[in-house]
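I opened the notebook to record what I could look up in one model. The entries follow the order in which I searched.

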Amino acid sequence: LNNNLLNAVAEICHRLDGLPLAIELAAARVIVLPPAGLLTRLEQRLPLLTGGPRDAPARQQTVRNTIAWSHDLLNAEEQVLFRRLGVFVGDWTLDAAEVVANPGGGLDVLGNLASLVEASLVRLMPDEANPRYGMLETIREFAAERLAESSDEPRVREAYARYMLHLASKAWWAFPQRHFVKDAQEWLDHTVSLTETTSDEARSFALASAALAAFNSGDFATAEQFAGASIDIGKSRGLDLQVGVALYALLLVHQERGDFARSLEVGEEAIRYLRRSGDQFWLSDGLLNTWVSALLIGDLERATDLQAEGFALARQVGNIVGLALAMNDLGADAEKHGDLPAARAGYRESLELNLTINEQVYIAHPLAGIASVLSTMGQGELAARLYGVA
């Protein structure tokens with residue numbers, strides 16, 4: 001067997017979830033369809049995999065019949081949950097299932113989910129700390145077909161979309177913060193285009209998030225454009241969080257351009273909106289970055305107030321990235337004023353914080369800062385080693 005043939009066979013087994021009956025039925029098709037051709041037709045598994053041995057029990061003649069046989073043994077509530085779970089692509093948590101698969105309430109999701117696991121129609125992932133559930137893709141395809149045939153589909157898909165939007169609204173910041181810059185811009189630019197006909201709330205948030213992504217990729221003009229559009233919508237609709245996040249993006253742009261007076265002014269406005277929004281995480285970021293602007297412009301009284309509140313809030317809400325960056329800035333400011341012990345302490349705390357979340361890019365910053373301090377202190381060899389690591 002050549003490598004291409006072996007690779008095709010291996011991929012066929014993988015796409016069939018390793019199900020023995022499915023693999024047996026696929027093998028029967030090799031007589032008329034070579035493995036490479038069979039592989040291209042496995043996008044939808046169930047219609048292809050028919051025609052088992054004629055003398056086999058009916059439930060073993062096709063994968064569809066096998067799954068249908070197991071499905072028909074479920075009671076009515078278990079069947080409802082089974083088909084609704086077909087909306088998930090990939091695995092899911094119990095919390096997600098209780099929201100998405102029970103939009104009208106009244107369904108015992110946990111009890112029925114246990115029955116589906118027992119029937120081998122749902123798998124429990126091996127993670128005791130954070131249990132997740134999933135279906136073999138072949139089974140999920142069957143469940144999705146049943147969902148499409150039912151009256152449940154519109155409200156289940158709406159519940160799914162709302163749940164994912166809720167998750168996304170908490171995680172958009174993760175792309176720019178963790179330097180997935182290309183991914184962030186591609187997804188958020190696409191999202192902005194999709195929100196042209198949707199709610200002002202969703203569009204304003206998408207624009208603010210896209211502004212942050214554009215900033216992180218160095219496209220300051222686009223960042224300003226997106227942020228301005230988000231602010232216009234947000235202010236007209238009373239969307240405090242969206243306006244605050246968009247102003248925060250502008251604050252960062254002005255900082256990078258060296259206009260610290262303007263960045264301080266914009267930062268103060270961002271803080272006002274973020275306070276009203278009640279979002280403590282974003283407020284902590286706004287406070288920390290506005291503190292940097294106050295520090296750089298020499299407004300030490302305001303910087304002291306912002307530092308005290310920002311650092312305390314960042315620790316309270318677990319804003320590790322924001323706190324680590326702030327400690328790095330604190331080290332840089334101390335080094336600038338010749339306070340080498342304070343500079344080293346700030347850089348060290350920034351390094352330790354970033355190491356807890358394995359932030360590779362941000363780890364380099366405090367390492368270089370410590371190296372700079374050591375160089376000034378005459379420890380050139382150690383400084384050179386740290387610069388190399390950075």
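**Terms and ground rules.** I call a residue buried under 20% relative accessible area, exposed over 50% and partly exposed in between, using a 1.4 Å probe and protein chains only. The model is predicted, so I took local features only at pLDDT of at least 70 and side-chain atom pairs only at pLDDT 80 or more, while totals for chains, interfaces and linings use all residues. Residues are numbered from 1 along each chain as its sequence is written, and side-chain values use heavy atoms, with hydrogens and water left out.

**Overview.** I looked up the secondary structure and found 22 helices and three strands. These are DSSP runs numbered from the N terminus: helices are H or I with at least four residues, strands are E with at least two. Of the 390 residues, 44% are buried. The accessible surface comes to about 19700 Å², and carbon and sulfur atoms hold 53% of that. These areas come from the Shrake-Rupley method with a 1.4 Å probe, and for residues only the protein chains shown count as cover. Next I looked at contacts, meaning heavy atoms within 4.5 Å. Among contacts with a separation of 6 or more, 58% are between residues 24 or more positions apart.

**Aspartate 152.** I found aspartate 152 in the loop between helix 9 (137–148) and helix 10 (153–171). Is aspartate 152 buried or exposed? Aspartate 152 has a relative accessible area of 6%, so I noted this residue as buried. Leaving out residues up to four places away in sequence, I listed Val80, Arg83, Arg84 and Leu147 as what aspartate 152 touches.

**Salt bridges.** I counted a salt bridge where a side-chain nitrogen of Lys or Arg is within 4 Å of a carboxyl oxygen of Asp or Glu. The structure holds 18 of them. One joins the side chains of arginine 83 and aspartate 152, at 2.9 Å from N to O. Arginine 83 lies in helix 6 and aspartate 152 in the loop between helix 9 and helix 10, so this pair ties together parts 69 residues apart in sequence.

I then looked for bridges inside a helix. An α-helix has 3.6 residues a turn, so residues three or four places apart point the same way. In helix 9, arginine 140 and glutamate 137 are three residues apart, about one turn. Their side chains meet in a salt bridge at 3.1 Å, N to O. Arginine 140 counts as buried at 16% relative accessibility, whereas glutamate 137 counts as partly exposed at 26%.

Helix 20 (residues 340–357) holds glutamate 352 and arginine 348, four residues apart and separated by about one helical turn. Their salt bridge is 3.3 Å, N to O. Glutamate 352 is partly exposed at 42% relative accessible area. Arginine 348 is exposed at 52%. I also noted that salt bridges with shared partners join Arg83, Arg84, Asp152 and Arg155 into one network.

**Aromatic rings.** I paired rings of Phe, Tyr and Trp (its six-membered ring) if their centres lie within 6.5 Å; planes under 30 degrees apart count as stacked, over 60 as edge-to-face and the rest as tilted. The whole structure gave six aromatic pairs. How are the rings of phenylalanine 88 and tyrosine 160 placed? Their centres are 5.6 Å apart and their planes are at 80°, so the pair is edge-to-face. Phenylalanine 88 sits in the loop between helix 6 (76–85) and strand 1 (92–93), and tyrosine 160 sits in helix 10, 72 residues apart. Phenylalanine 88 counts as buried at 2% relative accessibility, and tyrosine 160 as partly exposed at 21%.

The rings of tryptophan 291 and phenylalanine 311 are also edge-to-face, because their centres are 5.3 Å apart and their planes at 85°. Tryptophan 291 is in helix 17 (residues 280–297) and phenylalanine 311 in helix 18 (residues 300–317), 20 residues apart. Both are buried. I noted one aromatic cluster formed by Phe88, Trp92 and Tyr160.

**Helix 21.** I checked the length of helix 21 (residues 360–376). Buried residues in helix 21 include Tyr362, Pro366 and Leu374. Just after helix 21, glycine 378 takes a positive phi of about 90°.
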